[in-house]
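Visitor: Hello! Could you show me how to read a few features here?
Guide: Gladly, let us look together.

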Amino acid sequence: MAQRNLGDILINAGVINTQQLQLCQKDIAETGQSLDQCLIEKGFVNDVDIAKALAKYSSLDFIEKVTDKVINVDMLAKIPLRFLRENNIVPIVLDGQIFVLTSNPMNFQPVDDINLLLGGNARPAVSTTKLIIDAINKYYPLEGAKQMIEELEEEGELEGLEFEKMEEKDLLGMATEAPIIKLVNNILLQAAKRGASDIHIEPFEKEVIVRLRIDGIMYNVMTPPKRVQGALASRIKIMAGMNIAEKRIPQDGRIEIKVANKSIDIRVSVLPVSFGERIVMRLLDKSRSFAGIKELGLSERDYKVLERSIERPNGIIYVTGPTGSGKTTTLYSILNKLNQPEVNIITVEDPVEYQMAGIGQVQVREKIGLTFAAALRSILRQDPDIVMIGETRDQETAQIAIQAALTGHLVLSTLHTNSASATITRLIDMGVEPFLIASSIVMVCAQRLVRRLCPVCKATYVPELELIKKLGLTEKDLKSIVFYKPVGCEECNNTGYKGRLAIFEIMEMTPGVAKFTMERSDASLIRNQAMKDGMTVLLEDGIRKIREGVTTIEEVLAVATLDQMIDE
């Protein structure tokens, strides 16, 4: 689409003004990006506004949602995947009428081609690029896992299969590979499409089970025959650059793949167990963008404390919680806010989970002596303003971090503790002097993840009084709060939940907390003082999220209880 034409269309639709268009045209001359990308990046407009303006200009329908009900898989299968993706179009059936969705209604040819292929009854309609890509990725028919397993059963002896080194390529385009390769591709593809964080391949005496972790919950997705176990493990080990002949010791590796032009980094861990090799793969979306700290879901008080803390020129901010509690997401959201041209930010991570432009990221390599402590000593000579340490694992790392904070650096790090106040006692147990803790720590953020209710199908209900009491609420609260429960629909894969959100406990180093820290007080005394100073504990923040109707009582009670109000 011509840049000028799109600009005129958007101005005439009242979506942007002349000054905004001129500003983007100046940037486009330097960067070479498209007009719509520039306008969206600068926040002048969003993709829905652009699509609606194009639909109005072209006198076409605007389609804002694609679900299972409007997708005809047989019809999709008639059109080459490459054609759909290259032209960013997808056919749907709405109220008996075939529509061809496009994000560029000025480009008639691809729409006409599909119309001809489908018998001449299709009408064009407009939607956003993202919605069309998501529809293609989600609904384009691939050879199913069941068929692949049937092919494997027919193969006979699998030992003769040849495995080739897998380079980074698009899984959606790989439909003619050998059965075992297609099986692995299908597992990876299903995990990526369903938003899984981990894939587990678990061998037992008579079966192999493939499970996905989605929103923190494990789901069984496949049970391949036991005799493909060796070939399955070998294929994954070759992809991850491991030694396939070594089956006695644990191995770690890494795979880089693309799913629908989205780069995904997969960390692979292989562990010998009683009935073979257990494989766990952690999926990291390298193209992921991090939300601002406003989108983290903090209360007004917690947001102010966090804002105040990260604006400090020096000090330590700890984010704590168990594995999988969203600590990395919170840290990267903070880094995203702090990442400005005038500051020098360096991180030390194990591993570097996400790439962030403008930040120096160091990968820990303990085998060659590049530990957190060693890397931290070196990067302090790199003149950083802000340092992020992936994890404070020992006294040496904690001491260097504190010295960095005391010498004018803002330090961000994580620690595995159950609450904000327990962070203080944990550092003291590590051997750090209390006066150093009190003078260097600015803020501690403890957090947990709970599943978010699906906004489409959640339903109101009245919970049992016993359940209410577990939250520390009364019968009066039962009448004043609207409680929701999960139901399940096609939007959330019939789970009742879609995505996750964090609940927080943010403790500021107030004079009162510093006093108890200096006295080596236990965590409960520190917590009580912090609560007097305004801190809300995990359970209270969870109740706030229940009041907002975004999660359930069961989800909050799974990660926070009344007992935690009285600290460890």
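Visitor: Is glutamate 505 buried or exposed?
Guide: Buried means under 20% relative accessible area, exposed over 50%, and partly exposed in between (1.4 Å probe, protein chains only). Glutamate 505 has 1% relative accessibility, so it counts as buried. Before we go on: this is a predicted model, where local features need pLDDT of at least 70 and side-chain atom pairs count only at pLDDT 80 or more, while totals for chains, interfaces and linings use all residues. Residues are numbered from 1 along each chain as its sequence is written, and side-chain values use heavy atoms, with hydrogens and water left out.

Visitor: Which residue forms a salt bridge with glutamate 505?
Guide: A salt bridge is a side-chain nitrogen of Lys or Arg within 4 Å of a carboxyl oxygen of Asp or Glu. The partner of glutamate 505 is arginine 527, with the closest N and O atoms 2.7 Å apart. This pair links distant parts of the chain, 22 residues apart: arginine 527 is in helix α21 (residues 523–532) and glutamate 505 in strand β18 (residues 497–508). Helices (H or I, at least four residues) and strands (E, at least two) are DSSP runs, numbered from the N terminus. Arginine 527 is also buried, with a relative accessible area of 1%.

Visitor: How many salt bridges does this rule give?
Guide: The count comes to 28. One of them joins glutamate 202 and arginine 278, whose closest N and O atoms are 2.6 Å apart. Glutamate 202 lies in strand β4 (residues 198–203) and arginine 278 in strand β9 (residues 276–285), so the pair ties together parts that are 76 residues apart in sequence. Glutamate 202 counts as buried at 4% relative accessibility, whereas arginine 278, at 26%, counts as partly exposed.

Visitor: Which residues are linked in a network of salt bridges?
Guide: Arg254, Glu256, Asp265 and Arg267 are linked in this way.

Visitor: What span should helix α15 have?
Guide: The expected span of a helix is 1.5 Å times one less than its number of residues. Helix α15 (residues 395–406) has 12 residues and should span 16 Å; its end C-alpha atoms are 16 Å apart, which agrees.

Visitor: Which residues of α15 are buried, and what covers them?
Guide: Among the buried ones are Thr397, Ile400 and Ala401. Contact means heavy atoms within 4.5 Å. The cover over the buried residues of α15 includes β10 (315–320), α14 (372–379) and α16 (420–430). Just after α15, glycine 408 takes a positive phi of about 100°.
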